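Me: I am new to this structure and would like to learn how to read some of its features. Could we go through them one at a time, beginning with the rings?

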Amino acid sequence: MANICGYDTDEISENFARVREELCEAAKSSPTGRVPTLLGATKTVPAEVINFAARNLGLTHIGENRVQELLGKCDALDPKLTVHFIGALQKNKVKYLIGRVSMIESVDSFESALEIGKRAARAGQKMDVLLEVNIGREPNKSGILPERFEEEISKILEIEGIVVKGAMTMAPKCEKKGDYQKYFAETRRIFLDIAAKKMHNIIDPVLSMGMSDSYVEAAREGATVVRVGRALFGERKY
């Protein structure tokens, strides 16, 4: 058994193979037929383990949840990796992400988008973002409510320094796997309907949907990115 920082690399390799196979099968019944990008959700996962997956298992995209953790490992990461920020974002931490990540997936309000745009424009850059949809309308979760999504996106599209690439969502916890699909289908419909009216220049929208307990269902409903952590790397080691 190979071991890096307490992680069994043989098990990780088997996990990657299984998840990819399941995504390929699920994509056959998706609206697009596309296999989504496998983004490794790497909260608590050491840089050495991430680099093993990048160099040996074909991992190309990762997502970090916490700014401080990202800052602690970004210099050690394989430079070929594409890094997204996928966690809840405090406005005072935005400045640390500019130039370090290629996309912020968790833009949950006009105010957050405004801060990102301001910081990016100040650095002479444009930041790609996804708008987070609170598709389950859960009061304890961040994100834009579906009924307010069109209003919010209209304002956010006017902000200098950011480029809206699509939407992301975290579905409510479901007891039955099949119950996830209605949330992903609704997210896709909401975004594509609004994009058709307001975003005529978006050719290939990003829909980041599905995690370790729901990536198969997300792939079936047209996700272009799935954020998978535990199903790839095992239980988190805090």
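Reply: Gladly; a search of the whole structure, which is a predicted model, finds three aromatic pairs.

Me: How is the pair of F149 and F191 arranged, and what are the distance and the angle?

Reply: Planes over 60 degrees apart count as edge-to-face, and F149 and F191 are such a case, with 70 degrees between the planes and 6.5 Å centre to centre. Because F149 belongs to helix α5 (residues 149–156) and F191 to helix α6 (residues 180–198), the pair ties together parts that are 42 residues apart in sequence. Both F149 and F191 are buried.

Me: How are the rings of Y180 and F184 arranged as a pair?

Reply: Planes under 30 degrees apart count as stacked, and this holds for Y180 and F184, whose planes are 10 degrees apart while the rings are 6.3 Å centre to centre. Both residues lie in helix α6, four residues apart, which is about one turn of the helix.

Me: Why do Y180 and F184 count as buried?

Reply: Buried means under 20% relative accessible area, so Y180 counts as buried at 2% relative accessibility, and F184 does at 1%.

Me: Is E69 buried or exposed, and which residues does E69 contact beyond its neighbours within four places in sequence?

Reply: The cut-off of under 20% applies again, so E69, at 16% relative accessibility, counts as buried. E69 is found in helix α3 (residues 67–73), and, leaving aside its neighbours within four places in sequence, it is in contact with T42, K43, T44, V45 and E64.

Me: Where does the charged end of K155 sit?

Reply: The charged end of K155 sits over the ring of F110, 5.1 Å from the centre of that ring.

Key: Residues numbered from 1 in each chain as written. Predicted model: local features only at pLDDT ≥ 70, side-chain atom pairs only at ≥ 80, totals over all residues. Heavy atoms only, no water. Helix = DSSP H or I, 4+ residues; strand = E, 2+ residues; numbered from the N terminus. Buried < 20%, exposed > 50% of the residue type's maximum accessible area, 1.4 Å probe, protein only. Contact = heavy atoms within 4.5 Å. Phe/Tyr/Trp six-rings, centres within 6.5 Å; stacked < 30°, edge-to-face > 60°. Lys NZ or Arg CZ within 6 Å of the ring centre and 35° of its normal.
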